[in-house]
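The sequence and the structure are shown below.

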Amino acid sequence: MLNDQLGDCTCAAAGHCTMNWTANAGVLITPPDSAILTAYEAVGGYVPGDPNTDNGAVELDVLKYWQNTGIGGHKIGAYVSINPRNIQHLKIASWLFGGIYTGVALTQADMNAAESGNTTWTYNKGPFIGGHAIPAFGYNNVGFQFVTWGAIQTATYEWVYNRTDEAYGIISKDWIENNGNAPSGFN
């Protein structure tokens, strides 16, 4: 979803949410890169070919755009802020809503781990190098499973507690099965 080339992580995360919801509720739909790019241009002000405009986008602006305009033909119904320091609430939201849309602060050690193929982020006190929007679609005894840069990246609960700046639960029709319930059973 172009996040290996552009700072469009906020829009790429939205695309990954649509993929997860549709796959779990019936049929996988992958928004095309062109739809992610259109959203990034509209919300982040990116102008293709001008690297000076590749500055990322604000998560709340993406959520509003996604709700009002849609991304790749998919709109969300509503979203709610979740306290990023409350791991239990993050787990519940992940289960109920089919994932959480988060903003995290990364360190160089986090980047190095992801680039080297280390699939688990553990808490480190390195200086922050930037923000990143990533959705989490599950959790286990170690931590949450995020989708980022085309891979599943587990982050320990300590890492999530210390690195997550913002988190949102999203209601989407894409997460609803034909029986009117979400795969979690949530009506």
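Beyond its neighbours within four places in sequence, Ala-13 is in contact with Tyr-101, Ala-133, Ile-134 and Pro-135, where contact means heavy atoms within 4.5 Å. The residue belongs to helix H1; helices (H or I, at least four residues) and strands (E, at least two) are DSSP runs, numbered from the N terminus. Ala-13 is buried, with a relative accessible area of 1%. Burial here means under 20% relative accessible area, exposed means over 50%, and partly exposed lies in between (1.4 Å probe, protein chains only). From C-alpha to C-alpha, Ala-13 and Thr-102 are 8.7 Å apart in space, although 89 residues separate them in sequence.

Because this is a predicted model, local features need pLDDT of at least 70 and side-chain atom pairs count only at pLDDT 80 or more, whereas totals for chains, interfaces and linings use all residues. Residues are numbered from 1 along each chain as its sequence is written, and side-chain values use heavy atoms, with hydrogens and water left out.

**Helix H1 and its cysteines**

Helix H1 covers residues 9–25. Of its 17 residues, 13 are buried, so that the helix is mostly covered.

The structure holds 0 disulfides, a disulfide being a pair of cysteine sulfur atoms within 2.5 Å. Cys-11 is in no disulfide, and the nearest cysteine sulfur, that of Cys-9, is 8.5 Å away. Cys-17 is likewise in no disulfide, with the sulfur of Cys-11 as its nearest cysteine sulfur, at 12 Å. Cys-11 is buried at a relative accessible area of 0%, and Cys-17 also counts as buried, at 2% relative accessibility.

**The largest pocket**

About 180 Å³ of space lies in the largest pocket. On a 1 Å grid over the protein atoms alone, a cavity is a set of points where a 1.4 Å probe fits but cannot get out, while a pocket is an open set with protein on both sides within 12 Å along at least five of seven lines; lining residues have an atom within 4 Å of a point. Grid points are joined across faces, edges and corners, and a volume is the space filled by probe spheres set on the points.

The lining has 16 residues, of which Cys-9, Thr-10, Ala-57, Gly-131 and His-132 are the closest to the centre of the pocket. At least two lining residues come from each of H1, strand E2 (100–107), strand E4 (128–139) and strand E7 (164–171). Strand E4 gives the most, with 3 residues. By class, the lining has 5 nonpolar, 7 polar and 4 charged residues. Ala, Val, Leu, Ile, Met, Phe, Trp, Tyr, Cys and Pro count as nonpolar, Asp, Glu, Lys and Arg as charged, and the others, Gly among them, as polar.

Asp-8 is found in the segment before H1. Leaving aside residues within four places in sequence, its contacts are Met-1, Leu-2, Asn-3, Ile-36 and Tyr-40.

A second residue other than glycine with a positive phi, near 50 degrees, is Trp-149. Trp-149 is placed in the loop between strand E5 (143–148) and strand E6 (151–156).

Thr-107 is in strand E2. Not counting residues up to four places away in sequence, Thr-107 touches Asn-124, Gly-126, Pro-127, Phe-128, Ile-129 and Arg-163. Tyr-123, in the loop between strand E3 (120–121) and E4, is in contact with Thr-156, Glu-158, Trp-159, Asn-162 and Arg-163, again leaving aside neighbours within four places. Its C-alpha atom is 8.4 Å from that of Ala-155, which is 32 residues away along the chain.

The accessibility of these residues is listed here.

| Residue | Relative accessible area | Class |
|---|---|---|
| Leu-2 | 14% | buried |
| Asp-8 | 0% | buried |
| Thr-107 | 0% | buried |
| Tyr-123 | 28% | partly exposed |
| Trp-149 | 36% | partly exposed |
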